[in-house]
Amino acid sequence: MLLTSVIIVLREVLEAALIISVLLALSRIAGIRLNWVRWAIGLGVLGSVIYASNTAIVSDWFDGVGQEVINALLQISVYVCLVIFAVYFAATHKADDANKQRLQALMTVVVSLAIVREGSEIFLYLSGFVGDMTQFTPILTGGLVGAGIGISAGALVYYLLLNLKRDIIPYLSTVLLASVAAGMAGQAALLLIQADWLPSQQALWDSSQWLPEDSVSGQLLYALIGYEASPTPVQAAAYFGGFLLLLGLVALSRYRRKSHADG
Amino acid sequence: MAALYRSGSLLLLVLSLTALPAAAAKPEFKIEIRNHLFEPSELVVPANTKIKLIVYNRDSTAEEFESYELNREKVVMGNRKAVIFIGPLKPGTYPFFGEFHPNTAQGIIIAE
């Protein structure tokens, strides 16, 4: 039971921790104060408690696929906010206070929405063991261990990013954000397939023999780039389309900023 | 923020349009969760057909139906049911488990 709770909490925390660390690194190099992250985590935790306590109601929406639809909407919202953030970040050269506030607001929305989706599952899991102290204590211990590993991984990414050469950080961070965002788009597509709102198809490929999703590297890659062992064409299109759209828009906004500065 | 709301409502519109053709009847299958066990733990379904799986959770605590092979993951609240659309599947076996109690809640779907 201890190991189960380590894995469940780690899986959910890892993804949010990676987004947070990339956004914190970008805040540092843009001279944005880091206090937004406290708001984001606070709002996210509050939101996930509210969502978890209403999951039974949400589940019954849309003929029993409310969970899928609402989770897909959460993922799509995170994707859209990440795109707006990345484009806006690329377009602002010397961020003034108004720009910084807008960037902070966007990052707060991204992180709190990402936490709502992942955090609510942790609360639902833990709530099943409240009142049974013989089980709850090891489960909570395992959960804290899992959260600790996830947060450490995030801290590692944060310091790795900040130790790179300053002019590389925005490029690498953008690619990382694009991967995370693409993972969100792919997940949203998968949820809508599960809800029968998007067509379900045969998988494009199956790499589960080489890299199982439930292996350690599979889980890491899932959190980092949204790895799926057997995606369908719709899912893959959402993933790669989402990836290229973010990078394309960022490149366009960089190009316009450059030509504006030159002309 | 206004731009955000606009893109959000546009997405909703696109999503609701894609939902229209999906109303055809699909074969239904039922599984129960009792004492953190799946009943039946082995379910035979037709291959190459989309099915509607209804999971009844008879326990008072939440469970998460999860399968890497089926690419499915869904929380089933205590004393509630959940609808999960699966397939069309190639003939074969597809393990699933309850993520919140993986030591006991194990099952397999056989498509043939």
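**The whole complex**

Begin with both chains displayed. The model is predicted, and the predictor assigns the complex an ipTM of 0.87 and a pTM of 0.89. Colour chain B by pLDDT: the average is 85, and 79% of the residues score at least 70. Among the elements of chain B, the highest mean pLDDT, 97, belongs to strand 1 (residues 28-34) of chain B, and the lowest, 53, to helix 1 (residues 2-18) of chain B.

**Two helices of chain A**

Select residues 133-162 of chain A, which form helix 6. This helix has 30 residues and reaches 43 Å from its first C-alpha to its last, close to the 44 Å expected at 1.5 Å a residue. Which residues of helix 6 of chain A are buried? They are Ile139(A), Gly142(A), Gly143(A), Gly146(A), Gly150(A), Gly154(A), Val157(A) and Leu161(A).

Next, select helix 9 (residues 233-262) of chain A. Its end C-alpha atoms are 42 Å apart, which agrees with the 44 Å that its 30 residues should span at 1.5 Å a residue. The buried residues here are Gln235(A), Ala238(A), Tyr239(A), Gly242(A), Phe243(A), Leu246(A) and Val250(A). They pack against helix 4 (66-91) and helix 7 (169-194) of chain A.

**The largest nonpolar core**

Now show the side chains of Ile19(A), Val22(A), Leu82(A), Phe85(A), Val110(A), Val111(A) and Ala181(A), which have the most contacts inside the largest nonpolar core, a set of 99 residues. Helix 1 (residues 2-30) of chain A contributes the largest share of this core, 16 residues. Centre the view on Val111(A). Beyond its neighbours within four places in sequence, Val111(A) is in contact with Ala16(A), Ile19(A), Ile20(A), Leu23(A), Val37(A), Ala40(A), Ile41(A) and Gly44(A).

**The five-stranded sheet of chain B**

Turn to chain B and display the open sheet of 5 strands, whose order is 3-9-8-5-6, with mixed pairing. Strand 3 (42-45) and strand 6 (72-76) of chain B stand at the edges with a single partner strand each, so one side of each lacks a neighbour in the sheet. On average, neighbouring strands of this sheet are turned by 20° against each other, direction ignored.

Follow the pairings in turn:

- Strand 8 (residues 92-98) and strand 9 (residues 106-111) of chain B run antiparallel and are joined by 6 bridges; Pro95(B) has Ile108(B) as its bridge partner in strand 9.
- Strand 5 and strand 8 of chain B also run antiparallel, with 2 bridges between them; Glu66(B) stands opposite Phe97(B) in strand 8.
- Strand 5 (residues 63-67) and strand 6 of chain B pair in the antiparallel sense over 5 bridges, and Glu66(B) stands opposite Glu73(B) in strand 6.

**Where the chains meet**

Finally, display both chains again. How many residues of chain B are in contact with chain A? There are 27, and they touch 27 residues of chain A. Helix 1, strand 6 and strand 7 (81-86) of chain B each supply at least two residues of the side that touches chain A. Helix 1 of chain B gives the most to that side, with 6 residues.

Methods:
Residues are numbered from 1 along each chain as its sequence is written. Chains are lettered from A and ligands numbered from 1 in the order in which they are written. This is a predicted model: local features need pLDDT of at least 70, side-chain atom pairs count only at pLDDT 80 or more; totals for chains, interfaces and linings use all residues. Two strands pair if DSSP finds at least two bridges between them. Helices (H or I, at least four residues) and strands (E, at least two) are DSSP runs, numbered from the N terminus. Axes are lines fitted to C-alpha atoms, for helices over the stretch in contact, and angles run from 0 to 180 degrees between N-to-C directions. The expected span of a helix is 1.5 Å times one less than its number of residues. A residue is buried if 20 or more other C-beta atoms lie within 10 Å of its own, exposed if 12 or fewer, and partly exposed in between; C-beta atoms are placed from the backbone. Two residues are in contact if their C-beta atoms, placed from the backbone, lie within 7 Å. pLDDT is the predictor's confidence in each residue, from 0 to 100. A nonpolar core is a set of buried Ala, Val, Leu, Ile, Met, Phe, Trp, Tyr and Cys residues joined through C-beta atoms within 7 Å.
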